[in-house]
Amino acid sequence: MKEPQTRLARRIRWYAEANREAPTHALLLAHTADDIVAGGPAWEVLRGREDDPRGSALALRFMGAVHRLVLRGEAPELAPFYRSVGGSEGPEGAWEPFRHVLESHVDALREGVTRPVQTNEVGRAGALVGGFLSVAERFGLPLRVLELGASAGLNLRWDHFHYEARGERWGPADSPVRLCDFDTPPIPPFAVEATVAERRGCDKNPLDPTSDEDRVTLLSFVWCDQAWRVRRLRAAFEVAAQVPSAVDRANAPEWLELHLDKDSNGVATVVFHSIFMQYMTEADRTKTFGLLENSGAEATSATPLAWLRMEPAGDHADVHLTMWPDGEEQLLAHSGYHGAQVRWIG
């Protein structure tokens, strides 16, 4: 066995183990690892990728490239196994048609796997909403929300989603996006009113949620088992079509520096991100943290600043909030990586 194949197969197996909550997705990755070792079509698709950075999420790029074919109707033999397009077959029979798709679309998939991961997990708004409401409650001002790594900017529309926890509700009752997966006796401060005065984000490769092509890109990176995430994403596309929001093509620290320098009198500025820091360089992280601390030191009760973030903490994500002028930091919630089972601490 050749050493590059061994290394690549080992990486793919790791992803298969990590994604066991999605059985079809995980099984196909496990078979992919075996096929790489055997020198099959999976190796032809992924050959040369064995040294790709871990943070580039190679397995998700690979599965996204295949999923894209399924979503576009170009791999009909796989559709019965993909719940994302209405399939209902179990995972056991999925490998042979999957392998056939790899054989039949090597060139397209080799190109597709170069596409960077671009996700916009709407469920994370359920973990973040309590932070936005905490800022509104603390300062009593309209919010200016600035998202780093915003992708298509779907979570910039968080105030147009509907939330429910233990019978309490927040957000428009007729919203097609409904977030109700709160696993906690205390609930976020749903009695608080909040108004968004400005919403804007940045991303190195922003997507347009009103573009059919970019919608397919976003859908392709959802695990094929998780039809509920696909439905929620499609619902967020409906909201995005009605609520405009700009996402600028820019690197996070440079963009943030520009927008933190703008006049913010009479609004509470909330800089937020979710599962984003792992995609930044160490230098960019350091610069971003410094910008927030320096701007926080200059914040006043008329120009408050908040930093809301949802980032990995082992097998779950933690939601932290820092608010200036006093710089107090709070752990607000624990959450699944896709926003499931949000445990509010407050």
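Start with the second largest pocket: α11 supplies the largest share of its lining, 3 residues. A word on what you're looking at: this is a predicted model, where local features need pLDDT of at least 70, side-chain atom pairs count only at pLDDT 80 or more, and totals for chains, interfaces and linings use all residues. Residues are numbered from 1 along each chain as its sequence is written, and side-chain values use heavy atoms, with hydrogens and water left out.

Some terms. Helices (H or I, at least four residues) and strands (E, at least two) are DSSP runs, numbered from the N terminus. On a 1 Å grid over the protein atoms alone, a pocket is an open set of points with protein on both sides within 12 Å along at least five of seven lines; in a cavity, a 1.4 Å probe fits but cannot get out; lining residues have an atom within 4 Å of a point.

Back to the pocket. Its volume is about 220 Å³. There are 13 lining residues, and closest to the centre are Leu260, Ser264, Ser295, Glu298 and Ala299.

Which residues of α11 are buried? Asp284, Arg285, Thr288, Leu291, Leu292, Ser295 and Gly296. They cover an arc of only 125° around the axis, which puts them on the same side of α11. The arc is taken from the directions from the helix axis to the C-beta atoms. On the other side, Glu282, Ala283, Glu293, Asn294 and Ala297 are exposed. Buried means under 20% relative accessible area, exposed over 50% (1.4 Å probe, protein chains only).

What do the buried residues of α11 pack against? β1 (143-148), α10 (252-260), β7 (268-274), β8 (305-312) and β9 (317-324). Contact here is heavy atoms within 4.5 Å.

Last, the cavities. The structure holds 2 of 30 Å³ or more. Volumes are the space filled by probe spheres set on grid points, joined across faces, edges and corners. The largest cavity has about 70 Å³ of space. Helix α9 (residues 227-242) gives the most to its lining, with 3 residues. The second largest cavity is about 40 Å³. There, helix α4 (residues 58-71) gives the most, again 3 residues.
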